[in-house]
Amino acid sequence: MLCSRITNATILTMDPARPTARELGIWRGRVVGLDSDIAGLPARRVLDLDGATVLPGFIDSHVHLIWAGLKARAPSVAPSRRVDAILRAVADAVTAAPEGGWVSLGGYDQRTLDRPLTAADLDAVSAGRKVYLGHISGHACLVNSAVLKELPRHVTSSDGFLAEDAMGAALALRPPHTLAELADAVAESGRVCRSQGVTACAEAGIGSELFAHSPLEGAAFQLAHETGRLPLRVQLMVAADALRPVEAAPEDTTTRSFGLGLRTGFGDGRLSLGALKVFTDGGMMARTAALTEPYAGSASRGQLQADPELLTQTIVEGHRAGWQLAVHAIGDRAVDLALDALAAARRAKPRADARHRVEHAGLVRPDQLARFAELGAIAVVQPSFLRYFGDDYATIMGPERAPWMYRGRGFLDHGVRLAGSSDRPVADGAPLRAVQFMVERASASGRLIGPKEAMSVDEALRAYTADAAYACRWEGDAGSISPGKRADLVVLGDDPRKVDPGRIGDIEVVRTFVEGEESLDGVAA
């Protein structure tokens, strides 16, 4: 007997061998068959969907659940465009903090203010507290003088604005969040993901000395899982700076490791280890993405996170130790470094099916596309960055480079696997809004950005299902509605292939199932 039968549905399987169906059967959380496979089989529960569209649950290949959950609870200065409004928000937050304590707010964005905001401005309203304004990009912050005084001597700032490793130095001074707070953040942001049809995701880097909210981030996911509050499947990337030197037998080719020498593939079910996350540059919002040519109207070319030789060594050693690599590279100079290092890793130790990933691939020159394909590198992009920040990004890249940003068609035409993601909470995490951008290539204002990079609806959906599963090594269990795979499903109020592209992002997510179960805390059907 089936546990559940879903009937009267438009099922888009994302399985080329059987693209569509009307019925599916579920037993113990797995798909056991479609249409004629299950004809006549009794079921304990029958769900008539009245023609609704069913897809494999969306997979978000690059998220920050802890950051998203904490950000949702923290005071924010967004979307202020005036300095005086930000200072009022800071003053309000200061009143709730003990004397000498920390006041942390989010939503800071220097690009839209009526004038530059400085540490001195914050000093005027901080009443002796240490004030930290987190930048919306996650790659910068603004702090007051009380924080600047405690930073290491090598970290300097004339106005309180700190980016990348300087921001990391400020973060290291903040009191860590409790394990309970972090687990609550995971649960809260996980529920938001589920409401948007996301059934699995990859947490993009725990344990980082640069971006960590606590040294116990991994334990927070474990606590959320143990207490039944992990509402979706999570794969944890480990930040490369969390690795420590080890002495192992030479034939094991491991020089740095995490914990007990664990690596990609450890764990199963709801919580497992994924790729090794390596940061090579910053971000476009903070103007720290590393470019080969300067930002338009500026002499700056951004910055790399460390010496190129050290970054290359980290990538090569991670590969030799057996990790799948997830290399953060936004600017084209950083992409060059990532591809060169991956090539060096392959020469040092040929390894079948390594599935190394380039996270973001924000600016990719035409000549770099063939190198992605040659190396078998997966591009993990964030289409919503251009939907929400595209007007600014297109301006700072200029007309020649703007079409190269967060590519779609260019990757596919070169045979490069393309996985969709959100980088939540940097941008809206709803997959359907990202799918709409991939099809339209239009920012929220209507500006077309690289229209030749547009994809079909089917291709965009594949980036959030089958190809995202491949990027996370889940293709045997997820990414398509096929017999034997997990019954991770999303039910939509309309068919994305049949509505006007401009309406895709507004399609209602009616229901979401993880292993056949709709309840967030129930057991699999």
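Predicted model: local features only at pLDDT ≥ 70, side-chain atom pairs only at ≥ 80, totals over all residues.
Hi everyone, let's start with a helix in this structure, α13. Pro431, Leu432, Ala434, Val435, Gln436, Phe437, Met438 and Val439 are all buried there. Just past the end of α13, arginine 441 has a positive phi, about 60 degrees.

Serine 384 itself sits in helix α11, which spans residues 383-401. Is serine 384 buried or exposed? Its relative accessibility is 1%, and the cut-off for buried is under 20%, so serine 384 counts as buried.

While we're in this region, have a look at the loop between β22 (418-420) and α13, where you'll find proline 425. The peptide bond joining arginine 424 to proline 425 is cis, with omega at about 10 degrees. There is another cis bond to show you, from alanine 78 to proline 79, and there omega is near 0 degrees. Proline 79 belongs to the loop that links α1 (65-73) with α2 (83-94).

Now for the nonpolar core. Which residues touch the most other members of the largest one? They are Phe221, Phe372, Met405 and Phe411, out of 100 residues in that core. The helix that gives the most to this core is α9, residues 332-348, with eight residues. Let's zoom in on phenylalanine 221. Not counting residues up to four places away in sequence, phenylalanine 221 touches Leu65, Ile66, Val186, Glu203, Ile206, Leu230, Val234, Leu236 and Leu271.

The axes of α1 and α6 (residues 179-195) come within 7 Å, crossing at roughly 95 degrees. An angle from 65 to 115 degrees counts as roughly perpendicular, and that is why α1 is described as roughly perpendicular to α6.

Helix α9 has a packing partner too. Helix α8, residues 308-320, packs against α9 at an angle of about 45 degrees, and their axes are 9 Å apart. That angle makes α8 oblique to α9. The crossing of α8 past α9 is right-handed. On the α8 side, the contact is made by Pro308, Leu311, Thr312, Ile315, Val316, His319 and Arg320. On the α9 side, it is made by Leu337, Ala341, Leu342, Ala344, Ala345, Arg346 and Ala348. If you're wondering about the spacing of such residues, an α-helix has 3.6 residues a turn, so residues three or four places apart point the same way.

Let's move on to a sheet. Four strands make up an open sheet with mixed pairing, in the order β9-β10-β11-β12. At its edges are β9 (102-108) and β12 (161-163), and each has a single partner strand, so one side of each has no neighbour in the sheet. From one strand to the next, the twist averages 25 degrees. Strands β9 and β10 (residues 130-135) run parallel and are joined by five bridges. For example, leucine 105 has leucine 133 in β10 as its bridge partner. Helix α2 lies across both β9 and β10, and runs at about 150 degrees to β9.

To finish, here are two arginines with positive phi. Arginine 28 has phi near 50 degrees, and sits in the loop between β4 (24-27) and β5 (30-34). Arginine 355 has phi near 55 degrees, and lies in the loop between α9 and β20 (357-360). How do they stand for burial? Arginine 28 has a relative accessible area of 61%, so this residue is exposed. Arginine 355, at 10% relative accessibility, counts as buried.

Thanks, and I'm happy to take questions.

Methods
Residues numbered from 1 in each chain as written. Heavy atoms only, no water. Buried < 20%, exposed > 50% of the residue type's maximum accessible area, 1.4 Å probe, protein only. Core = buried A, V, L, I, M, F, W, Y, C linked by side-chain atoms within 4.5 Å. Contact = heavy atoms within 4.5 Å. Pairing = 2+ DSSP bridges. Axes fitted to C-alpha atoms, helices over the stretch in contact; angles between N-to-C directions. Parallel < 35°, antiparallel > 145°, perpendicular 65-115°, else oblique. Left-handed = near helix turned anticlockwise from the far one by under 90°.
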